[in-house]
Amino acid sequence: MASIDLLIVDDDLDLSGIGEPLLVNGTDCVAQDLRHMIREKGYAWRMIGERNRTSVAALCTEIELEMENDERIYPGTANVSLSGENLICEAQTIAGERVTVTV
């Protein structure tokens, strides 16, 4: 399944030198969609300042479940972890490629 979308950079369309919107495809498209899902559903905001490890683990599980709702993600491969202040989301696509998103 081919994934293609408009490229979003800094909350705006990224345009070519002649003003046409640039496209993103494949795993880059999946990664962009995952970043937007995490942001739009408020997961990143809910993690800010959260010190309770159980709450953080529950949010990571929620994100994993949301990732696996994406038909382009192979079920059971989503993994979300914290590394310092970064949220690292990894999964395998149906096409067999690895996608990693850092928020």
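# Salt bridges, strands and a surface patch

User: What do the side chains of R72 and D33 do?

Analyst: They meet in a salt bridge, with N to O at 2.8 Å. This is a predicted model, and the distance is computed from it.

User: Where do those two sit in the chain?

Analyst: R72 is in the loop between helix 3 (53-68) and strand 5 (79-83), while D33 belongs to helix 1 (residues 26-40), so the pair ties together parts that are 39 residues apart in sequence.

User: Which other residue forms a salt bridge with R72?

Analyst: D70 does, and the closest N and O atoms of that pair are 2.7 Å apart. D70 and R72 are both buried. Through shared partners, the salt bridges join D33, D70 and R72 into one network.

User: How many salt bridges turn up in the whole structure?

Analyst: The search finds four. Another one of them is between the side chains of R46 and E62, at 3.4 Å from N to O. R46 lies in helix 2 (residues 43-47) and E62 in helix 3, so this pair ties together parts that are 16 residues apart in sequence.

User: And what is the accessibility of R46 and E62?

Analyst: R46 has 41% relative accessibility, so R46 counts as partly exposed. E62 is partly exposed too, with a relative accessible area of 31%.

User: Stepping back, what is the overall layout?

Analyst: The protein has three helices and seven strands. Along the sequence they follow the pattern β-β-β-β-α-α-α-β-β-β. The C-alpha atoms fill a box of roughly 50 × 30 × 20 Å along the principal axes.

User: How much of the protein is buried?

Analyst: Of the 103 residues, 30% are buried. The accessible surface comes to about 6,800 Å², and carbon and sulfur atoms account for 48% of that surface. As for contacts with a separation of 6 or more, 33% are between residues 24 or more positions apart.

User: Which residues form a nonpolar patch on the surface?

Analyst: I4, L6, I8, L13, L15 and L23 form it, and together they have about 510 Å² of accessible area. L13 is in strand 3 (residues 12-13), and at 36% relative accessibility L13 counts as partly exposed.

User: Is Q32 buried or exposed?

Analyst: Q32 counts as buried because its relative accessibility is 3%.

User: Which residues of strand 7 are on the covered face?

Analyst: V99 and V101 are. The uncovered face of strand 7 (residues 98-102) has R98, T100 and T102.

User: What about V103, where is that?

Analyst: V103 is in the segment after strand 7. V103 has a relative accessible area of 35%, so V103 is partly exposed.

User: What does V103 touch?

Analyst: Apart from residues up to four places away in sequence, V103 touches R35, I38, A44, E85, N86 and L87. V103 and E85 are 18 residues apart in sequence, and their C-alpha atoms are 8.8 Å apart in space.

Terms used: Residues are numbered from 1 along each chain as its sequence is written. This is a predicted model: local features need pLDDT of at least 70, side-chain atom pairs count only at pLDDT 80 or more; totals for chains, interfaces and linings use all residues. Side-chain values use heavy atoms; hydrogens and water are left out. Patches are made of residues with over 30% relative accessible area and no salt bridge: like charges are joined within 9 Å, nonpolar side chains (Val, Leu, Ile, Met, Phe, Trp, Tyr) within 5 Å. Accessible areas come from the Shrake-Rupley method with a 1.4 Å probe; for residues, only the protein chains shown count as cover. Helices (H or I, at least four residues) and strands (E, at least two) are DSSP runs, numbered from the N terminus. Buried means under 20% relative accessible area, exposed over 50%, partly exposed in between (1.4 Å probe, protein chains only). Contact means heavy atoms within 4.5 Å.
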